[in-house]
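Dear colleague,

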Amino acid sequence: MTLLKSARISSKAEGKQRARDEGTGGAGGVVLELEMVTTSYDSVAYTVPVSVGAAQQNLSLQIDTGSSDLWIASKSCSTASCSSTDGRLYDPTSSTPSGASFTIAYLSGTVSGPVVWDTVQLGTYSVESQALAAANTVSNEPLSLDFDGILGLALPLDSIIEQTIPPTTDNNPDGASFSSNLFSMTPASTAPSQPFFSLTFARPGSNAIPSLLGIGMHPSSVVPDPSKIQYSTLVSQGVGILFWKTNVRAITVYVNGQARPVVLTESVTGAAFPTALLDSGVPFIVTTSSIANGIYGALGISPASDGNYYVPCTTPLNMTITLNGQPELPIHPLDLTSEPSGQHNSQYCIGLIQADDSQLTANSDIGDMVLGVPFMRNVYTVLAYEPPPFNISIYAGIRPTLGLMGLTNITQALDEFNNVRVLNQPLGGAPPSQATFSSEPKMSVGLEVLIGLIGFFALCVTLFGLKWFMTRRQWKKQGMVDTDGGKKGEGEYQLTRRNSQSSDDAAVSTLRTLAYTTRKQKVSQYTFDSNRTRVEMDPVDEFGEWNVKYDHSPPSIFDLSDPWDPYAANRDTIVGTDAPLPDTPTSLDFLTTNHRRTSDEITDVPESTSVPLLTNRHRRRSGSQSSDSDVAEAGVGMAGVGTVARGSQIITGLHHNLSRSDSVDRNSSSLSPSTEVVTPSWRFSTSHEHPDTVDVDIR
């Protein structure tokens with residue numbers, strides 16, 4: 001029995017699913033390919049090619065598990081449905097008339113015509129004197145060039161022709177159904193040894209599962225292990241078993257990962273559980289309003305005024321059905337909703353689970369649900385005429401059973417739904433034409449990931465280099481980077497000779513080296529970091545001068561080790577460890593850096609070169625106070641010869657006896673041997689007033 005709804009809702013079909021036949025027929029069985037034929041905007045029919053009559057007319061018949069009769073539109077049919085076949089119609093001229101007529105009513109149309117006997121070949125199996133209807137009236141059937149009639153595979157008791165022409169046990173023509181004649185052919189070696197049909201239906205736009213019809217044989221590409229198939233007991237009516245129908249144990253809708261079971265009431269027949277039959281001729285799922293409301297109610301959806309259920313196109317209807325003897329069988333969300341005809345990217349889709357209480361009654365023999373194409377795309381279906389293990393040698397009549405094996409991975413199905421409905425991508429990825437004819441090699445996913453990681457690290461390195469360059473540039477502007485090869489500050493602290501008329505650079509370099517090496521010997525016991533070096537006070541060293549500038553008490557009372565002393569921070573420091581040594585003299589006199597020169601050693605030094613001074617001279621003024629801003633004004637770090645804030649220039653290692661007396665000739669000074677360094681007399685003045693500006697000239 002084929003149920004065809006008046007308002008047909010369907011799914012897109014692009015092209016035909018092609019597959020190679022498997023098996024050689026006979027006792028071993030055969031697997032035939034099916035064609036997926038578009039019958040309306042969203043409807044498809046799965047057809048199988050057959051040869052009919054002595055002329056072996058090539059026709060295509062829809063596989064219908066909801067009816068048991070075979071009919072073909074004949075050349076005598078002139079209705080609109082027959083005209084859509086483009087003239088490819090059955091010619092019954094060579095057939096044998098039976099004298100009986102055939103009429104079958106569907107939900108949306110009717111078919112009628114005379115019953116004839118003719119030869120029908122399906123795959124490698126040829127059945128002679130098969131009873132069929134040569135339809136001369138077909139109304140409301142979506143016939144086409146590849147769809148000429150129906151091959152009913154329901155159980156024989158449902159056959160209308162068989163009821164009109166009862167079957168016999170002899171070789172005379174009768175009204176037996178095609179399945180009965182096929183599995184009872186003689187000799188037995190010509191018939192399938194395993195009496196079953198099997199079906200798989202492809203999903204439009206996807207080639208993951210092929211469309212196949214198995215006759216006594218499981219397709220190896222779909223069922224590598226037949227033991228995975230679970231079998232359900234069929235439900236019998238008063239006259240016997242008519243359909244591939246079993247009990248429904250549970251229906252569950254999953255919303256955001258949470259299971260929401262649908263409350264199942266008793267069957268319309270009064271049985272404890274609802275029943276469902278499998279019908280490949282129906283493009284949707286038909287059920288009672290009670291079950292339909294429970295399914296859509298889990299999503300908060302109620303029926304519209306036209307009786308249909310409308311679901312947001314981007315919302316997946318994720319549900320499972322549990323049949324008798326079966327595990328949960330998930331249904332692909334794309335099989336449960338469909339966009340309205342001609343409305344691509346529509347906001348709301350039509351639910352393909354529809355309610356029809358007028359047809360599902362206690363007297364209709366249908367039951368509570370019709371599981372059509374949307375369900376059958378998700379399972380491998382076995383229509384077995386006896387339970388496994390099949391052994392036709394002891395065949396004692398029909399003991400049918402329904403075998404099912406789930407084919408849908410719900411996680412993958414939800415991803416595909418998102419790609420199609422949310423991202424607007426084809427179900428199979430690229431369009432078929434591009435996937436078939438594209439010759440460009442594609443990179444593997446692993447290679448794409450590797451390229452992406454390399455690009456990411458390259459970007460990180462580029463950004464780091466840019467940040468380093470900008471930071472270094474900023475430091476350069478602030479004078480924190482030595483960019484001139486260690487010559488920073490050379491112009492500010494270049495030594496010269498006072499009152500010198502000579503340009504002897506060697507003498508200047510000699511004295512510069514002497515001053516530098518003397519300073520270098522003073523290493524702090526606290527740290528080697530020049531920025532934090534602390535130097536002990538030496539009452540005879542020049543460092544006392546800095547502290548007397550702020551406190552006129554003797555330098556011995558200062559505790560530079562006290563971190564809380566505000567003046568301890570203003571200590572003399574040897575800074576700029578990156579500063580290079582002056583030109584190293586080649587004289588042996590200067591190879592020993594810890595030698596302190598005496599006055600005798602410099603008696604031969606020309607007078608004009610005896611006193612190296614800092615070029616940048618600072619004067620001490622009365623009432624002035626020094627601060628750290630002196631260094632800031634200089635704009636440079638120390639170069640190992642003292643600070644620019646120092647008020648006088650003292651030559652370590654030279655023994656001078658300076659007098660503050662006005663009678664002292666500042667343009668001349670005598671050097672006398674001494675074992676102590678004599679500091680200026682005003683350095684440790686007890687007066688609280690700063691001395692007048694003093695220019696110390698050492699000659």
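**Notes on the model**

Pro 187 has its place in the loop between H3 and S11, where helices (H or I, at least four residues) and strands (E, at least two) are DSSP runs numbered from the N terminus. The peptide bond that leads from Thr 186 to Pro 187 is cis, with omega near -5°. Before going on, please keep in mind that this is a predicted model, in which local features need pLDDT of at least 70 and side-chain atom pairs count only at pLDDT 80 or more, while totals for chains, interfaces and linings use all residues. Residues are numbered from 1 along each chain as its sequence is written, and side-chain values use heavy atoms, with hydrogens and water left out.

As for the whole protein, it has 11 helices and 28 strands. Of its 699 residues, 47% are buried, where buried means under 20% relative accessible area, exposed means over 50%, and partly exposed lies in between (1.4 Å probe, protein chains only). If we take contacts (heavy atoms within 4.5 Å) between residues at least 6 apart in sequence, 70% of them join residues at least 24 apart.

**Salt bridges**

How many salt bridges does the rule give? The count comes to 3, where a salt bridge is a side-chain nitrogen of Lys or Arg within 4 Å of a carboxyl oxygen of Asp or Glu.

One of them joins Arg 88 and Asp 148, whose closest N and O atoms are 2.7 Å apart. This pair links distant parts of the chain, 60 residues apart, since Arg 88 sits in the loop between helix H1 (80-83) and strand S6 (96-105), and Asp 148 in the loop between strand S9 (137-138) and strand S10 (149-152). Arg 88 is partly exposed, with a relative accessible area of 24%, whereas Asp 148 counts as buried at 0% relative accessibility.

Another salt bridge is formed by the side chains of Arg 203 and Asp 335 (2.9 Å, N to O). Arg 203 lies in the loop between strand S11 (196-200) and strand S12 (212-215), and Asp 335 in the loop between strand S20 (328-331) and strand S21 (337-338), so the pair ties together parts that are 132 residues apart in sequence. Both Arg 203 and Asp 335 are buried.

Asp 335 also forms a salt bridge with Arg 377, the closest N and O atoms being 3.4 Å apart. Here, too, distant parts of the chain are linked, 42 residues apart, with Arg 377 in the loop between helix H5 (373-376) and strand S25 (379-384).

**A pocket and its lining**

The second largest pocket holds about 770 Å³ of space. A pocket is found on a 1 Å grid over the protein atoms alone, as an open set of points where a 1.4 Å probe fits, with protein on both sides within 12 Å along at least five of seven lines, and its lining residues have an atom within 4 Å of a point. The volume is the space filled by probe spheres set on the points, which are joined across faces, edges and corners.

This pocket is lined by 27 residues, and the closest to its centre are Asp 170, Ser 180, Asn 181, Ser 184 and Met 185. Strand S8 (125-135) and helix H3 (178-183) each supply at least two residues of the lining. The lining divides into 12 nonpolar, 11 polar and 4 charged residues, where Ala, Val, Leu, Ile, Met, Phe, Trp, Tyr, Cys and Pro count as nonpolar, Asp, Glu, Lys and Arg as charged, and the others, Gly among them, as polar.

**Two loop residues and one annotated span**

Asp 86, in the loop between H1 and S6, has a positive phi of about 60° although it is not a glycine, and at 63% relative accessibility Asp 86 counts as exposed. Asn 140, in the loop between S9 and S10, has a positive phi of about 55° and is likewise not a glycine.

Finally, an unreviewed UniProt entry carries the annotation "transmembrane region" for residues 449-470; its positions are given in the numbering used here, feature names are shortened, and annotations may be inferred rather than shown by experiment. In the model, the span is 100% helix and 0% strand, and its end C-alpha atoms lie 32 Å apart.
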